[in-house]
Amino acid sequence: MNLPVKFPTQKKPKYITKLDQVPELSSQEKEALQPVAEKYIFRSNDYYNSLINWDDPDDPIRKIIMPDVQEMDEWGRLDASSEEAYTKVKGLEHKYSSTALLLVNEVCAAYCRFCFRKRLFMDENEEVTKDISEGLEYIKNHKEVSNILLTGGDPMIMATTKLEPIIKKLREIDHVNIIRIGTKIPAFNPYRIINDPSLLEMINKYSTPEKKIYVMAHFNHPRELTDDAVKGLDLLSKAGAALINQTPMIQGVNDNPEVLTELFNKLSFMGIPPYYVFLCRPTSGNKSYSVPIEKAYEIFETARTRCSGLAKRARLVMSHATGKIEVAAMTQKTIVFKYTRAAEDIDSGKVMVFNRKPEASWLDDYENPVEEYSVLSSPANQKSDVQLSFDPVDEILIG
Ligand code: SF4
């Protein structure tokens, strides 16, 4: 499966921001794709483009990074999970009690075509700020927030001199235990890690034995795990970061049991737990990347049958406006969803059973549930003196 990667190590990749800078595209392709690149920003680099097999028009790496005319199809909306509704102060989202998101920038090393945050890369937006002082104040005043996810954009594209003060300030807040960095830098540009010892020193300083920094890596396909990507991940791990991986299931990229099995297995060999596999949100421009839920479940479960226990820890979930909902099971007639995180405590752990609908790609596509169960509304728990805490330990511990 691995293609030979010719890119020299220790090199700084060059950005590619125009289709004209991609010699492998024909002039007809450039002309057809230009309106797409104007609507949804295009950016890659020469390292990542070197992973593409240009002889294959359906190459999965190409699908991740190169515009596709199908993105012009009308579908979904820009903020498909209503993230803006959970924005408490500029740059901070707080949806689940224990976890808050700090959106620290609106730039990525390259842009995934299927991104659900593409709205942040368009014109002005009020959701991201470089001044995180309001967000820090909010976190200080919310003692229930024990996890902070730094996201955007990609926090790791920032110079270490810009990233470190944010992490330092978060470490000064006693109730913040876990700092997560959501990043696709290890896949898009591992040289950002390999060539910057100060980044590794910073991780080493602030990822302590008691309070770790988690790097939430984003590898979609095993071919992204090049020798240099593996080296970058290993350096982060040796610096003291805890690593995990999460990926959406993307049509034409990893909607295939063999590909997912290989990805899960390789990650597990490296000591990186596969965490979430996300269903694509119904985000504008993303119709051709989305996989229907029931098909995704079959692919996901087939892949898991070929993995060891350590490799099969991922959960298939959707980030719905109301919470993170796992596709927990499927029968001949029904599909079973379960909230793993919920915006409202009453939904926490709630199970919903629906009649199957093969074309559904989001929870909202199903009719009313045929059955529902919630531990909170069960008579046993309503009578119980036991104090239920719905500040769940992160799923990674029980996955
Ligand atoms: S790295 Fe993440 S935020 Fe950036 S384009 Fe890809 S999915 Fe979107």
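Where is Gly153 found? Gly153 lies in the loop between strand E6 (147-151) and helix H5 (160-171). Helices (H or I, at least four residues) and strands (E, at least two) are DSSP runs, numbered from the N terminus. The model is predicted: local features need pLDDT of at least 70, side-chain atom pairs count only at pLDDT 80 or more, and totals for chains, interfaces and linings use all residues. Residues are numbered from 1 along each chain as its sequence is written.

The peptide bond that leads from Gly152 into Gly153 is cis, with omega near 20°. Gly153 also belongs to the set of residues around the ligand, together with Cys108, Tyr111, Cys112, Cys115, Arg117, Asp154, Lys184 and His218. A residue is assigned to this set if its C-beta atom, placed from the backbone, lies within 6 Å of the molecule. Sorted by class, the shell comprises 4 nonpolar, 2 polar and 3 charged residues. In this classification Ala, Val, Leu, Ile, Met, Phe, Trp, Tyr, Cys and Pro count as nonpolar, Asp, Glu, Lys and Arg as charged, and the others, Gly among them, as polar.

At the level of the whole chain, there is a division into domain 1 (15-72) and domain 2 (83-375), with bounds that come from an automatic or database domain assignment. The centres of the two domains, taken over C-alpha atoms, are separated by 25 Å. Their contact takes 19 residues from domain 1 and 19 residues from domain 2, where two residues are in contact if their C-beta atoms, placed from the backbone, lie within 7 Å. On the side of domain 1 that touches domain 2, the elements giving two or more residues are strand E2 (44-45), helix H2 (46-49) and helix H3 (60-65). Helix H3 supplies the largest share of that side, 5 residues. The residues of this side divide into 11 nonpolar, 3 polar and 5 charged.

Ser82 is found in the loop between H3 and strand E3 (87-89). The phi angle of Ser82 is near 50°, a positive value in a residue other than glycine. Ser82 is classed as partly exposed because 14 other C-beta atoms lie within 10 Å. The classes rest on a count of other C-beta atoms, placed from the backbone, within 10 Å of a residue's own: 20 or more for buried, 12 or fewer for exposed, and partly exposed in between. Ser133, in helix H4 (residues 133-140), is exposed because its count is 12. The C-alpha atoms of Ser133 and Pro165, 32 residues apart along the chain, are separated by 11 Å.

The interior is considered next. In soluble globular proteins, nonpolar side chains tend to be buried together. A nonpolar core is here a set of buried Ala, Val, Leu, Ile, Met, Phe, Trp, Tyr and Cys residues joined through C-beta atoms within 7 Å. The largest such core has 98 residues, of which Leu102, Ile148, Val215, Leu243, Ala296 and Phe300 touch the most other members. Helix H11 (residues 293-305) gives the largest share of this core, 6 residues. The core draws at least three residues from each of domain 1 and domain 2. Leaving aside neighbours within four places in sequence, Val215 is in contact with Ile181, Thr183, Leu236, Ala241 and Leu243.

Ser290 is located in the loop between strand E10 (274-278) and H11. Ser290 counts as buried because it has 23 C-beta neighbours inside 10 Å. Not counting residues up to four places away in sequence, Ser290 touches Gln251, Cys280 and Ser361. Ser290 and Leu279 are 11 residues apart in sequence and 7.2 Å apart in space, C-alpha to C-alpha.

The remaining topic is strand pairing, for which DSSP must find at least two bridges between two strands. Strand E12 (residues 323-330) pairs with E13 in the antiparallel sense over 7 bridges, and a hairpin of 3 residues joins E12 to E13. Val327 has Phe337 in E13 as its bridge partner. Strand E13 (residues 334-342) also pairs with E14, antiparallel, over 5 bridges. Within this pairing, Val351 in E14 is the bridge partner of Lys338, and Val336 stands opposite Val353 in E14. Strand E14 (residues 351-355) has a covered face, Met352 and Phe354, and an uncovered face, Val351, Val353 and Asn355.
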